[in-house]
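Open the model in your viewer and keep the selection tool at hand. The tour below goes from one selection to the next and says what is there.

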Amino acid sequence: MIWTLGLLVLCTASHATVYEVDGIFYTLQEDGTAKLVAPGDDGEGGSSMPIGVNTGYRGDVVVPETVDIGGESRPVTAIGDYAFLGATSLTSVTLPTTVTFIGSTPFANSTRLTDITVADDNPAFCSDDGVLFNKSRTILIACPAAKVGDYAVPVTVDSIANSAFYGCAKLTSLTLPSTVSRIGFFAFRGCSKLTTMTIPEGVETIRNGTFHSCRLMETVSIPSTVATIEDAAFFYCQSLKAITFPAALRTIGSNAFDECVSLSDVLLNEGLQAIGSKAFSRTKLTHVIIPSTVSAIGEAPFSSCMSLEAIEVDAGNTDYRAIDGVLFDTAVSRLICCPAGKTGDYVMPATVIVVEGSGFFSCRQLTSVQMSPALDSLGFSAFNGCWGITELKLPHTVKYIGENAFNNCTELASLTCHAMAPPAVDVNSFLTSTYNSPLYVPQRRVSTYKKAAVWKKFKTILPIPEGMEVTASDAFPGALATIDIAMNSAETGIVSYEFDLLLPEGVSPAFDTDGNVICTFTMRHQGTPLLTMIPLDDNAWHVKVTMEEGSILTGYDGEVMRLYINVDPDVGPDTYTAILDYPVMVLSDAYRVEMEYVRFDLTVNTGSMGDVNQDGYVNVSDVTVLVSNLLGAYSGTMAWQLGDINHDGKITVTDVTGLVNIILNIYP
């Protein structure tokens, strides 16, 4: 340290030198005049002190007209940006005639500051009742944070400066005149006792953090002229229950109403164009409709809204849509936000490629999520806080898992990843306790996962069991039924599979009028599956499915094939056992998966052809049910097999005609 004539040189590096004289800190400006700055200032507007911490200024500070620096008298002409920000021990400041420039946010959050005084002959500034203004009183620059009670801004004022009332936690009411047309950022931040505010007509923008942390603010009247609400404008306004947006509003910024935990009523206006990330996060919203005009939505706009069960999108919106209450882009390739109030099991649309950051954040009442088979990546905190999910399966397409993606998934007891190459994953993607749960991966990639970064933290890494599952729909004598064959394969491609199908007596595959087996393939595939069925005896067939050269079945854990079967009229009602004998799958790299036989039950019920409502009669009531079903207007139960009069495996107008013919006794 070098002391010279009461002067301390604090910083001399590549930045401008900072000098302390009699407890006040200065830098020299290009014209040789002195500027008062914050302690720790680097001379270029930065500071070595934590933001909002200012321990250098205490008590009553009288700024001198001149200061001796380097043996030369320098006029003090400026107050730097953030000079007294957060000076919690500062009680008053007196400015001399010579100060003609004051930077941004000079006195914000100086919680004990009661008075700012300006010399009467100062040409640029003045003060009134301790509040700092420009000389013409058109700009209110700073209100001391310790001001108590009610305050009415003078009618001469047309502009409230940045952070002008920041930290005025003892103000109980604040009145703005109609002359005010501009309000700076953080203008009323931390005015924690204000309960109501009317913003004057003419204000077009509510700036960043304007009402940040106004915890008791219950109502804010927004004028018709406001077109933009910037980031964090109402952040942490915990008492705000409702707000009305003007027709002119076009943009709501990120975190604009985040942590407004009492906000339950919001009507987004037609004309609104953009909603920022987490704009309404952690609010009490119960219902929201995205207008047709919205064309930009940030990540997780409604995350952690625990009372919100569904998000709606106006049918006229061409950029976004909602399915089952979940928000997507119009192509349904990006899942943007699942409302935190959603309950039960959720099946993700098969077209989803990306789950955006916080897409399922705090969806605590979801019990399971079935991932899209096309999923490529999971964003930051995608499933963070999904307490109710115990098991997750990631498709073979997943390549990236973001930071905290599965953090706070406290009940996650099993994770399956079908990806052949371990996805890129952040070190904090999983809750630490999750590593105690088993991880299932493709059987030929177990050793790869055991060596991969982060994945190797799982204490137990096991191969995915591979096999087939078979179920059958209820059958009715004289009608078609279905056998659904699902495959559980950890691999990315299946080029063929085959098995012997053993059916009970009186049950046989269904054929169309050209003699082809009626069959549908439901797994995504490239190319055409080729089916052959060779009869082995009266009740057994050898079934083989092969793909055209160069094509494969793709997917995992899903139904791949549906066979239609006939049940003879003389088969009595009962449950019969059927078998897939020795199924074999051949995968895309010629690897064979061989399984034991698979048993499944075929339940035959009573009924008559055409008795779709199963009341024991075939009459006009059944026609009504069939027609209503075709029109999508029937919500009751219906035995569709008994309505498939022409045995083509589907219900069409032809079946209605056939049913009418049965009733009229002109069609056997």
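Is Asp 484 buried or exposed? Asp 484 counts as buried, at 13% relative accessibility; buried means under 20% relative accessible area, exposed over 50%, and partly exposed in between, with a 1.4 Å probe and protein chains only.

Before going on, note that this is a predicted model, in which local features need pLDDT of at least 70 and side-chain atom pairs count only at pLDDT 80 or more, while totals for chains, interfaces and linings use all residues. Residues are numbered from 1 along each chain as its sequence is written, and side-chain values use heavy atoms, with hydrogens and water left out.

**Stop 1: salt bridges**

Side chains of opposite charge can pair when their charged atoms come close. A salt bridge here is a side-chain nitrogen of Lys or Arg within 4 Å of a carboxyl oxygen of Asp or Glu. The whole structure has 10 salt bridges.

Helices (H or I, at least four residues) and strands (E, at least two) are DSSP runs, numbered from the N terminus. Arg 562 is partly exposed, at 28% relative accessibility.

Next, select Arg 282 and Asp 258. This salt bridge has an N to O distance of 2.8 Å. Arg 282 is in the loop between strand E26 (274-275) and strand E27 (288-290), and Asp 258 is in the loop between strand E24 (251-252) and strand E25 (265-266), 24 residues apart. With a relative accessible area of 1%, Asp 258 is buried, whereas Arg 282, at 33%, is partly exposed.

Then select Glu 230 and Arg 207, whose side chains meet in a salt bridge of 3.1 Å, N to O. Glu 230 sits in the loop between strand E22 (228-229) and strand E23 (242-243), and Arg 207 in the loop between strand E20 (205-206) and strand E21 (219-221), so the pair ties together parts that are 23 residues apart in sequence. Glu 230 is partly exposed at 21% relative accessibility, and Arg 207 is partly exposed at 23%.

**Stop 2: a hairpin and its neighbour**

Strands of a sheet pair through backbone hydrogen bonds, either parallel or antiparallel. Two strands count as paired if DSSP finds at least two bridges between them.

Select residues 131-134, strand E13, and residues 139-142, strand E14. They pair in the antiparallel sense over 2 bridges, and Leu 132 stands opposite Ala 142 in E14. E13 and E14 form a hairpin with 4 residues between them, and Arg 137 in the turn has a positive phi of about 60 degrees.

E14 and E16 run parallel and are joined by 2 bridges. Leu 140 has Ile 160 in E16 as its bridge partner.

Which residues is Ser 159 in contact with, leaving aside its neighbours within four places in sequence? They are Thr 138, Ile 139, Leu 140 and Arg 182, where contact means heavy atoms within 4.5 Å. Ser 159 is in strand E16 and is buried at 10% relative accessibility.

**Stop 3: a loop residue**

Go to Asp 121, in the loop between strand E11 (115-118) and strand E12 (125-128). Asp 121 counts as exposed, at 54% relative accessibility.

**Stop 4**

Which strands are the edge strands of the next sheet? 7 strands form an open sheet of mixed pairing, in the order E30-E31-E32-E34-E36-E38-E40. Its edge strands are E30 (320-323) and E40 (424-425), each pairing on one side only. Inside that order, select E36 (residues 377-378) and E38 (residues 400-401), which pair in the parallel sense over 2 bridges. Ser 377 stands opposite Tyr 400 in E38.
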